[in-house]
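This report goes through one protein chain, from its overall make-up to single residues. Please read it alongside the sequence and the coordinates.

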Amino acid sequence: MEEENLTVVSEFLLLGFSKEQELQPITFMIFFSTYLITVFGNLAIILATISDSHLHTPMYFFLSNLSFVDICVTSTTIPKMLWNIQNQGKLISYESCITQMYFVILFVGLDDFLLTVMAYDRFVAICHPLHYTVIMNPWLCGIMVLVSWIISVLHSFLQTLMVLQLAFYTHLEIPHYFCELNQLIQLACTDTFLNDIVMYFAAPLLGGGPLVGIIYSYSKIVSSICKISSSQGKYKAFSTCASHLSIVSLFYCTCLGVYLSSAVTHSSHSSATASLMYTVVTPMLNPFIYSLRNKDIKRAMKRYVGMTATEGATVLELNKAI
């Protein structure tokens, strides 16, 4: 292979979802609306949990962290795509692509671990209700979130460092709307054996491990719910897990779709569609799933909105008086 074909690549082309120019305005509006809904919806959950002392519990602490990570996931991918659509360009620099890939891996990994921690929280709440406040103390909650961050940062750093060792051709097209790890590895023109080993070893370990923990937690939860004599008690116990279970199912089904499609079919279209689900759709649905089924969240949001409106009216009256 000639030396000029192995020069350091300076930029990539993000092809996105549609090559037809007439569809670009529609695509822009859809993703722009989705981004706004995701950011403001998850931000509302964070503000509600902070402002309401009744929500200063482990479950809502983990939920607010999940909402923050969901905002970060979408902010890592969608703004760049919107910028490219608006400017009718597809370029992303090599440095920006590597940075985007790092943060996508980081925040998706955090999503995974936080969902696992939330499953453990529900397991303790339902299976050991009398010891819940002792087991799920603030120190343990903080440690579990911190460990989730550390593992995700180290994993993302390892994957990024492995990609930095690869050489690419000078002109590269990524059939995706963001710089996805598997797509970059497939575009490399040097041996990617170690990258494949690390990627396909880390996926079952860091993805399958938490999934096993979630399945184990819910097996114990279902067993405890079945022992409840009253139907009302069973419904109440299950309702506390329904929202979390919905998010877990959507997240893992789409992540599994990406993993299988890249391992078996190498289909860029199916991989991009599945990635869209767990990086865009799931973060957008998170506020709706938790707020629509949760009376505490709805009550806190109404209280926060009322408090904000009252403060605004007070400031307005003071300005008029001045």
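## Contacts and overall make-up

Of the contacts in the chain with a separation of 6 or more, 79% are between residues 24 or more positions apart; a contact means heavy atoms within 4.5 Å. This is a predicted model, in which local features need pLDDT of at least 70 and side-chain atom pairs count only at pLDDT 80 or more, while totals for chains, interfaces and linings use all residues. Residues are numbered from 1 along each chain as its sequence is written, and side-chain values use heavy atoms, with hydrogens and water left out.

The chain holds 10 helices and three strands, where helices (H or I, at least four residues) and strands (E, at least two) are DSSP runs numbered from the N terminus. In sequence order the pattern is β-α-α-β-α-α-α-β-α-α-α-α-α. The chain has 322 residues, and 46% of them count as buried. Buried stands for under 20% relative accessible area, exposed for over 50%, and partly exposed for values in between (1.4 Å probe, protein chains only).

## Helix H2

Helix H2 covers residues 58–86, which is 29 residues, and should span 42 Å at 1.5 Å a residue; its end C-alpha atoms are 42 Å apart, so the two values agree. The expected span is 1.5 Å times one less than the number of residues in the helix. H2 bends by about 30° at Ser75, and the proline Pro79 follows within four residues. The bend at a residue is the angle between axes fitted to the seven residues ending there and the seven starting there.

H2 is mostly covered, with 21 of its 29 residues buried. Apart from neighbours within four places in sequence, Asn84 contacts Leu14, Gly89, Lys90 and Leu91. After H2 comes Gln88, which has a positive phi near 50°.

Helix H5 runs over residues 138–164 and includes Trp139. Trp139 is exposed because its relative accessible area is 63%. Together with Ile143, Leu146, Val147, Ile150, Ile151 and Leu154, Trp139 forms a nonpolar surface patch with about 660 Å² of accessible area. Patches are made of residues with over 30% relative accessible area and no salt bridge; like charges are joined within 9 Å, and nonpolar side chains (Val, Leu, Ile, Met, Phe, Trp, Tyr) within 5 Å.

Ser152 also lies in H5, but this residue is buried, at 2% relative accessibility. Leaving out neighbours within four places in sequence, Ser152 touches Leu106, Gly109, Leu110 and Phe113.

## Helix H7

The 34 residues of helix H7 (residues 193–226) should span 50 Å at 1.5 Å a residue, and the end C-alpha atoms are 48 Å apart, which agrees. H7 has a kink of about 30° at Gly208, shortly before the proline Pro210. The buried residues in H7 include Asn195, Met199, Gly207, Pro210, Tyr218 and Ile225.

## The salt bridge

How many salt bridges are there? The count is one, taking a salt bridge as a side-chain nitrogen of Lys or Arg within 4 Å of a carboxyl oxygen of Asp or Glu. Asp121 pairs with Arg122 in a salt bridge, and their closest N and O atoms are 2.8 Å apart. Asp121 is buried at 1% relative accessibility, and Arg122 is buried with a relative accessible area of 9%.

Conventions. Areas by Shrake-Rupley, 256 points an atom, 1.4 Å probe, with all protein chains shown as cover.
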